[in-house]
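Student: I'd like to learn how to read a few side-chain features in a protein model. Could you walk me through them?

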Amino acid sequence: FFFATMPALDPFWRGVLIAYACVAAWMTSSGAVVLHNKWLMTVFNFSYPATMTMMHMSFSFIVAFIIIRVLKLVPRPEITNRQIWGAIFPIGACYSIVLVCSNYAYVYLTVAFIQMLKASLPVLVFFVSVAFGVAKFESQLLWTILVISVGVIVVTEGQVDMSFMGLVLQGVSLVFESVRLVMIEVLLKKQGITLNPITTLYYVAPVTLCCILAPAAIFEFQDLGKILGMVTGNPFTFLFNCSLAFLLNLAVFLIIGKTSALTMNIAGISKDVIVIAISTVLFAAPLYAKSCFGFVIVIIGVALYNYKKYKISMEDGKSKSQELDVAPMKDSDEDANSGSPANK
């Protein structure tokens with residue numbers, strides 16, 4: 001609705017407003033999901049992260065199904081079984097690991113500490129991209145990666161009451177999130193699959209749900225009666241939580257489509273700072289000076305990393321454009337010389 005009400009605006013300003021709206025929606029929904037999940041698992045004592053993630057995926061699939069198959073507001077792309085197993089399933093499996101591990105980490109770690117660790121995600125994405133052959137290794141980025149690594153170490157050392165299990169869970173979540181982001185680019189493009197936010201949820205959510213079913217059954221379904229009692233006794237609380245998760249999934253795909261990776265990284269750092277401040281007040285969680293100092297180092301490292309990546313991409317684009325300009329000139333000179341009377 002917001003996009004449709006701006007046709008009379010200048011195309012440039014319309015694009016700017018859409019980009020800012022997507023960034024604002026993503027920052028708001030992401031922060032709200034983080035804080036509400038933490039509240040559910042600690043204050044509300046719903047310590048079943050896998051089950052909660054299953055509810056998120058079920059709700060997202062049901063809404064996407066209604067939009068696509070019942071209301072027919074969005075066309076459903078035809079995807080073969082080979083494409084499902086070759087592209088959709090690996091992405092959904094990675095996503096299940098990301099969601100379960102990150103939600104379990106909130107049981108052991110503070111929101112502030114987790115957000116500080118998440119700031120290093122762009123570097124992990126870079127290394128995974130190099131491993132997949134999507135990006136080439138740039139030695140110019142080494143020193144910025146070193147700065148970020150030092151910052152993460154300082155953040156970890158400054159966390160006095162840190163849980164090793166929580167740290168491992170969050171580390172696994174970040175690694176598989178990096179793999180998932182790169183796989184989206186590699187597998188979907190390789191298979192020739194084009195999906196919008198709604199169709200992505202329609203296909204990925206059921207796969208993710210099936211993958212989460214096993215850990216939920218092993219670790220949480222022994223308390224199934226308690227889980228059902230809490231959900232049926234507080235339906236609007238869990239409906240609100242699932243709605244936030246659905247809006248976050250939409251916002252993630254919107255911001256990827258409407259803005260650049262640089263914008264998303266900068267917005268991510270801003271969001272992390274805001275969430276850290278709010279969570280510290282809401283949950284009365286301790287915030288250690290050494291960890292804050294390490295987080296500042298991480299932010300500086302990520303900013304330098306983004307700046308160097310931007311410069312490298314600009315230099316590559318400039319060199320390619322020069323090659324394209326030179327090639328036609330050579331061809332035209334050869335044609336002109338071969339066709340001139342003097343040359344004949």
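Predicted model: local features only at pLDDT ≥ 70, side-chain atom pairs only at ≥ 80, totals over all residues.

Student: How many salt bridges does a search of the whole structure find?

Tutor: A salt bridge is a side-chain nitrogen of Lys or Arg within 4 Å of a carboxyl oxygen of Asp or Glu. The search finds 3. Arg 76 pairs with Glu 78 at 3.6 Å, N to O; Glu 177 pairs with Arg 180 at 3.0 Å; and Lys 271 pairs with Asp 272 at 3.3 Å.

Student: Which helix holds Glu 177 and Arg 180?

Tutor: Helices are DSSP runs of H or I with at least four residues, numbered from the N terminus. Both residues lie in helix H7 (residues 164-191), 3 residues apart, about one turn of the helix.

Student: Are Lys 271 and Asp 272 buried or exposed?

Tutor: Buried means under 20% relative accessible area, exposed over 50%, and partly exposed in between (1.4 Å probe, protein chains only). Lys 271 is buried because its value is 8%, and Asp 272 is buried at 5%. By contrast, Glu 78 is exposed at 62%, while Arg 76 is partly exposed at 33%.

Student: What lies 2.7 Å from a polar atom of the side chain of Lys 38?

Tutor: The backbone oxygen of Tyr 106 does. Lys 38 sits in helix H1 (residues 11-43) and is buried at 9% relative accessibility.

Student: Which residues have the most contacts inside the largest nonpolar core?

Tutor: A nonpolar core is a set of buried Ala, Val, Leu, Ile, Met, Phe, Trp, Tyr and Cys residues joined through side-chain atoms within 4.5 Å. Here the largest has 76 residues, and Phe 46 and Ile 198 have the most contacts inside it. Helix H3 (residues 81-108) gives the largest share, 11 residues. A second, separate core of 9 residues includes Trp 26 and Leu 248.

Student: How many disulfides are found?

Tutor: A disulfide is a pair of cysteine sulfur atoms within 2.5 Å. The search finds 0. For Cys 210, the nearest cysteine sulfur, that of Cys 211, is 6.9 Å away.

Technical notes
Residues numbered from 1 in each chain as written. Heavy atoms only, no water. Helix = DSSP H or I, 4+ residues; strand = E, 2+ residues; numbered from the N terminus. Polar contact = N/O pair within 3.5 Å; in protein donor to acceptor, adjacent residues only side chain to side chain.
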